[in-house]
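Please read the following briefing beside the sequence and the coordinates. It is grouped by topic.

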Amino acid sequence: MIVITAPTGNIGRHLLTRLLESAPAAGEELRVIVRDPARLLAAARGRVEVVTGSHGDAEVVKGAFQGADAVFWLVPPDASLAPEDAWSGFTRPAAKALAAHGVGHVVGVSALGRGTPLAGRAGLVTASLAMDDLLAGTGVAYRALANPSFFENLLEEVDSIRDKGVFTDVVDADRKAPLVAVADIAAVAAGLLLDRSWTGTGSVPVLGPQDLSPNDLARIMTEELGRPVRYERQSLDELYATLVGYGLDEAFVQGIVDMKRAKDEGLDAGVPRTPGTAGPSTFEHWCAQTLKPAVLS
């Protein structure tokens with residue numbers, strides 16, 4: 001029995017699709033925890049056991065983890081909370097339930113940066129690494145998917161790219177760093193959940209096929225979209241003011257700012273790219289398949 005949290009999110013939808021295809025042949029049953037079952041993929045209905053509720057709720061995870069052999073764990077960021085509450089606070093009920101039910105394996109969505117000098121002052125990333133430690137301390141075999149920023153983050157800027165030909169961030173325009181497609185993260189998660197021969201705790205880096213700078217992204221988007229796209233660098237102070245203006249918790253916003261600062265200082269640059277860590281999805285392919293239809297819609 002594999003339990004999937006956040007099955008309607010970006011990574012969860014890809015993971016659920018993969019497991020629906022491969023789990024039956026492996027003799028695995030699937031159970032999902034979802035707030036709104038109506039949002040589940042149509043292909044999943046009648047083929048997965050559904051537990052309705054939040055996986056941050058003690059009673060929900062107590063029931064959902066009963067009889068489970070493996071769990072896919074993803075915390076949906078809650079910008080109304082301070083980072084420690086948003087990650088470790090949300091995860092504590094699950095940690096207790098994992099230990100109580102003797103769940104064997106957990107695969108969690110986390111971030112790059114562990115072991116670097118920046119890890120302790122990287123805001124949301126620091127909170128995510130603390131969550132990993134919490135889960136690893138339950139006695140389960142645990143693998144943290146150590147991810148850089150996602151291609152999909154650019155979907156938040158579709159309107160600006162369409163209307164102004166501009167996307168923004170706070171990192172140096174020539175700062176090269178790994179970026180990854182969520183489909184590649186889901187593929188690694190599926191492999192770990194289905195082949196549970198691994199033991200102990202550790203991180204699994206999930207990197208895209210190459211490091212890219214904002215200027216590289218602008219060039220590729222220009223080529224793929226057939227229209228000029230340029231990068232505008234925003235200051236950290238501007239980012240903070242903008243996000244607080246949206247009503248986000250000030251501690252959470254500071255966590256975003258600290259994460260962005262750490263990334264600009266090389267937080268994601270500490271893991272070598274190997275055939276085992278380099279995901280297959282190129283930014284060019286992602287632009288053609290995902291960004292372009294969104295911009296032209």
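Asp132 is placed in helix 4, which covers residues 124-136; helices (H or I, at least four residues) and strands (E, at least two) are taken as DSSP runs, numbered from the N terminus. This is a predicted model, in which local features need pLDDT of at least 70 and side-chain atom pairs count only at pLDDT 80 or more, whereas totals for chains, interfaces and linings use all residues. Residues are numbered from 1 along each chain as its sequence is written, and side-chain values use heavy atoms, with hydrogens and water left out.

- Leaving aside residues up to four places away in sequence, Asp132 touches Ser110, Arg114, Tyr142 and Ala144, contact being heavy atoms within 4.5 Å.
- Ala6, in the loop between strand 1 (2-5) and helix 1, is also buried, at a relative accessible area of 16%.
- The phi of Ala6 is near 50°, a positive value in a residue other than glycine.
- Most residues other than glycine have a negative phi.

- An open sheet with mixed pairing is formed by three strands in the order 7-9-11, two strands being paired if DSSP finds at least two bridges between them.
- Strand 7 (149-150) and strand 11 (211-212) are at the edges and have a single partner strand each, so one side of each is left without a neighbour in the sheet.
- Strand 9 (residues 177-180) runs antiparallel to strand 11 and is joined to strand 11 by two bridges; Pro178 has Asp211 of strand 11 as its bridge partner.

**Helix 6**

- The 13 residues of helix 6 should span 18 Å at 1.5 Å a residue, and the end C-alpha atoms are 18 Å apart, which agrees; the expected span is 1.5 Å times one less than the number of residues.
- Buried residues of helix 6 include Val182, Asp184, Ile185 and Leu193.

**The second largest pocket**

- The second largest pocket has a volume of about 160 Å³; a pocket is an open set of points on a 1 Å grid over the protein atoms alone, where a 1.4 Å probe fits, with protein on both sides within 12 Å along at least five of seven lines, and lining residues have an atom within 4 Å of a point.
- Of the 13 lining residues, His14, Glu152, Ala183, Trp286 and Thr290 are the closest to the centre of this pocket.
- Helix 10 gives the most to the lining, with four residues.

Definitions and conventions:
Points joined across faces, edges and corners; volume = space filled by probe spheres on them. Buried < 20%, exposed > 50% of the residue type's maximum accessible area, 1.4 Å probe, protein only.
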